[in-house]
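Please consult the sequence and the structure shown here while reading.

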Amino acid sequence: MNETLLPTDVVGGTFWLLSIAMIGATIFFLLERTKASPRWHTTMTLLGGGRLISAIHYHYTKQMWMDTGTAPIILRYVDWVLTHPMQIVLFYVVLAAITKTSTALFWRLLIGSLVMVIGEFLGAAGYMSATLGFLIGLVGWLYILGELYMGEAGRVNAQSGNDATHLAFNGLRLIVTIGWAIYPLGYFIEHLGGGVDVNSLNIIYNLADFLNKIIFGFVIYRAVMNDTKVHS
Amino acid sequence: MNETLLPTDVVGGTFWLLSIAMIGATIFFLLERTKASPRWHTTMTLLGGGRLISAIHYHYTKQMWMDTGTAPIILRYVDWVLTHPMQIVLFYVVLAAITKTSTALFWRLLIGSLVMVIGEFLGAAGYMSATLGFLIGLVGWLYILGELYMGEAGRVNAQSGNDATHLAFNGLRLIVTIGWAIYPLGYFIEHLGGGVDVNSLNIIYNLADFLNKIIFGFVIYRAVMNDTKVHS
Amino acid sequence: MNETLLPTDVVGGTFWLLSIAMIGATIFFLLERTKASPRWHTTMTLLGGGRLISAIHYHYTKQMWMDTGTAPIILRYVDWVLTHPMQIVLFYVVLAAITKTSTALFWRLLIGSLVMVIGEFLGAAGYMSATLGFLIGLVGWLYILGELYMGEAGRVNAQSGNDATHLAFNGLRLIVTIGWAIYPLGYFIEHLGGGVDVNSLNIIYNLADFLNKIIFGFVIYRAVMNDTKVHS
Amino acid sequence: MNETLLPTDVVGGTFWLLSIAMIGATIFFLLERTKASPRWHTTMTLLGGGRLISAIHYHYTKQMWMDTGTAPIILRYVDWVLTHPMQIVLFYVVLAAITKTSTALFWRLLIGSLVMVIGEFLGAAGYMSATLGFLIGLVGWLYILGELYMGEAGRVNAQSGNDATHLAFNGLRLIVTIGWAIYPLGYFIEHLGGGVDVNSLNIIYNLADFLNKIIFGFVIYRAVMNDTKVHS
Amino acid sequence: MNETLLPTDVVGGTFWLLSIAMIGATIFFLLERTKASPRWHTTMTLLGGGRLISAIHYHYTKQMWMDTGTAPIILRYVDWVLTHPMQIVLFYVVLAAITKTSTALFWRLLIGSLVMVIGEFLGAAGYMSATLGFLIGLVGWLYILGELYMGEAGRVNAQSGNDATHLAFNGLRLIVTIGWAIYPLGYFIEHLGGGVDVNSLNIIYNLADFLNKIIFGFVIYRAVMNDTKVHS
């Protein structure tokens, strides 16, 4: 860390922002876990643990940015391959906390999210054509959306009759619909479209991660606390 | 960390002081959280978590100061954009712990504090004129003060009839009135006034952070412990 | 950490992946420990502690990979000599949590796993012939398999009549049968067969560790949670 | 950390000793806090937190010693300005745990200890004459001693009729009388007397900190545990 | 950490092994502390805390070994002067947990162990003749053995009539008799005998620490868990 951060280095600033915000969110969710009713403990563990993983990635990315002025995209994929399935599995964990849910749903969500991340990675790293990787990734994402809106996950949510879960489920679904669009979009622009200024892409990815991980986390947190207040 | 700290490097000394004091305050608030009654746990989490975020920033700033003799102002803004809203949101959390409070208040306080920090940042980084940034930041701060003295927050506090909350709320309001004045003031002097010795500015910002974060925290802590003693 | 990670450095990527996933798994198991019923606490401690040890090793290996482009095999042996016995001892701990189990079984499992790792190490480091080291390591592994399928461990499991334990025991046994085959296999290829591209070997070892440590851990976690739900 | 520690580097050895002993004491007090009865929790938090702050300072001082062969005195003052008031405030916290104690006592003790440290700092750093700084520091220390022997603190202790508190209070008072004499003494020798070998001064300060922080801590710990045993 | 670890660097390998094993043991004992019955909590705190101190020392020694190929003996003494008294004090803590034990025993054990370590240090560092240092250290060790076999400690153990304590006490006594013999022996060979290959000495000290700290710890752990099972 020999170089200073220039006041005008907004990309570096967003790396710092994400890096520290992830640590704050980790601590917040892990401490508040003890306040949630026990059936939400695994949800809170996943929330805090996922933020911790991102905090570590952003810590290193931030340092690399300061040392070299670049942020290796492979670190983002390492982060995504771990945290995106954790986020999607949270839909299952949230439903399973309040109602009977089939294990098959867990596996379908897990595999869908892995297909999305790994497909994009293989395309981005050149192990398959960029177009094929894009399409595979897109299929994974659309499959998850289908599961959440029209599949078993959506049905279980609709039938649960639990206000807190509705709040969490619908909020998360919206984030996965809108916020996650940034990942295929960014991929498309970078690898298939005309390319983009790498700085803009980093800022966009950083802000998307803020929405998709931290705000996403607080939506769940709020639902958990509402449910804890009602049922205890 | 190859350079030693000279005995006369008072700026560096205050960076060290803040950096370590923030760690001590973090540990103190997070441990004492278990002693507070449950309804104050989120308050204590925010207190400890906010101090942790500042501890990380001061840790890096201190190291940069020792390596390069400068402290990048953008790190302060990254810290402020995270911790100032957390401080302002604490007014809502403190009120919500003991009485029914509207969610709209939460959003108004959050947005007010974000306007203050982001306005100043955009002016300081040159994305808009320094004067405009100053005015936007000032509006955010004045809006918060209005909310705290004459708006819903002030009314809820007045009607709560809880001595501990009065103590916390009034103490915090005083700090936000007097202690936070340093931020627009420092901004004005640096960007609009005749400029100032950067060392003096750093010492002033550091001591202001000591007041606005650590002393601020102990005022809340004291109120929390008073309320815990009375209601348990 | 002066060098950046290239997007095509898949070996480095898997080191990162393992390094961070181990941290995530550590946090997960240690936090969820409080949710398990007390008789499973030592099991969860060993799960989390073992992952922590691997996290530390992968942290250093990852850094060395980035600095020098090599990953010292001795670090793997230091990891294996600590974590493999911990994994095998888990069979004893899982059985002892629900039924009376002889201390002798503990010692036989511990010694069997130490023979496996130390035999291979002595051969790999040239303290004995590579063939002899391979055979000693193989004997250790086969002895453990014999104990798990036909020895006291297998019998105690069969007689326990506890569904959760059956699930854990059989799952783990399968992993030790299939997943652990990678260690003698990798050894054979490296030291006795025609040799292999060191990059491929690193990727294979990394993915094997993901299976043998993290997935292995979640199989136990699931059994622990099932048993906790049934008996509390 | 490029230089090794020579076997004859006793100064460096005492820095290491303090640095590690402070970590051990931090862990010890923070863990044993859960064993103390609740009314002593804040006492234990301050004990552990104060040791943590010193651990951080000694960590950095030790590293600087190894890198440069000097230990910046300003780091000691940063440590003292934080930990000495915490130690003195402990007298108030110990008394308040078992009897009614006026808030004014808290402030008098806090200000007295701040006067002691800041006076000496201003003299040592050259912001005022060395003699004046010495005298101001001396006044702060004597004021505290007066408060502890003849003032409200001494009276409250005498009237508390609690054996554990007597043990703690009298032990602590002895340490503040004898052990703290090293700070004005060291200051006098360094700045007003004929000067002293800086190595001897570092060893003396280090051993004094061992007495004044770690042994001091165990005296309180023992009283806390005695009281916990009697009243629970 | 610029140098890689060679596969044949067995000394370095044992430093790594100890360094990581100490971390694992720390986590294990500190987590399992919550499972022990309250009267054993201080025992577990000392077990975990002592391992943590050694973990820190081995962490630094390992790094120095990799950077310079030497391991400063003074770091071992800093470790021993902290952890050996902690180990010996554990005899007192184990006895005091189940029976009435005189405070004088605590002080005699503490001082005996300090005499042992400090005597050896003064001889090794050349502050007194190597022979005198050896004899003083030997006296400290023999005094402790006398106390454990024939003195108050031995008598209290014999009269306690508690199986768990017998198990712990006798196991620990055996380790202090046999395992600790390595310290005067190593000292004798190094300073008084014909000298020895420094690499062999490091390996022997490392393995002795594994026995005297980690295995020692698990003997106590086992006794604690037996007693917890019987009395709760």
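## The contact between chains E and C

In this predicted model, Arg33(C) and Glu32(E) are joined by a salt bridge, with their closest N and O atoms 3.3 Å apart. The count between chain E and chain C is 1 salt bridge. On each side of the contact, 27 residues take part: 27 of chain E touch 27 of chain C.

The size of an interface is often expressed as the accessible area that is lost when the parts come together. Between chain E and chain C, the buried area is about 2200 Å². Carbon and sulfur atoms give 74% of this area.

## The relation between the two copies

## Aromatic pairs

Over all chains, a search of the whole structure finds 100 aromatic pairs. One of them joins Phe28(A) and Phe218(A), whose ring centres are 5.2 Å apart. Their planes stand at 45 degrees, so the pair is classed as tilted. Phe28(A) belongs to helix H1 (residues 10–32) of chain A and Phe218(A) to helix H9 (residues 198–230) of chain A, so the pair ties together parts that are 190 residues apart in sequence. Phe28(A) counts as buried because its relative accessibility is 8%, under the 20% limit. Phe218(A), at 33% relative accessibility, counts as partly exposed.

A stacked pair is formed by Tyr183(E) and Tyr205(E), with 6.4 Å from centre to centre and 20 degrees between the planes. Tyr183(E) lies in helix H8 (residues 182–192) of chain E, while Tyr205(E) lies in helix H9 (residues 198–230) of chain E, so this pair ties together parts that are 22 residues apart in sequence. Tyr183(E) is buried, with a relative accessible area of 1%. Tyr205(E) is also buried, with a relative accessible area of 3%.

## An aromatic cluster and charges over rings

In chain A, one aromatic cluster is formed by Tyr77(A), Trp80(A), Phe121(A), Trp180(A), Tyr183(A) and Tyr205(A).

Lys62(A) lies over the face of Trp16(A), at 4.3 Å from the ring centre. In chain C, the charged end of Lys62(C) sits over the ring of Trp16(C), 4.3 Å from its centre.

Terms used:
Residues are numbered from 1 along each chain as its sequence is written. Chains are lettered from A and ligands numbered from 1 in the order in which they are written. This is a predicted model: local features need pLDDT of at least 70, side-chain atom pairs count only at pLDDT 80 or more; totals for chains, interfaces and linings use all residues. Side-chain values use heavy atoms; hydrogens and water are left out. Rings of Phe, Tyr and Trp (its six-membered ring) pair if their centres lie within 6.5 Å; planes under 30 degrees apart count as stacked, over 60 as edge-to-face and the rest as tilted. Helices (H or I, at least four residues) and strands (E, at least two) are DSSP runs, numbered from the N terminus. Buried means under 20% relative accessible area, exposed over 50%, partly exposed in between (1.4 Å probe, protein chains only). A charge sits over a ring if NZ of Lys or CZ of Arg is within 6 Å of the ring centre and within 35 degrees of the ring normal. Contact means heavy atoms within 4.5 Å. Buried area is the accessible area (1.4 Å probe) that two parts lose on being put together, summed over both. A salt bridge is a side-chain nitrogen of Lys or Arg within 4 Å of a carboxyl oxygen of Asp or Glu.
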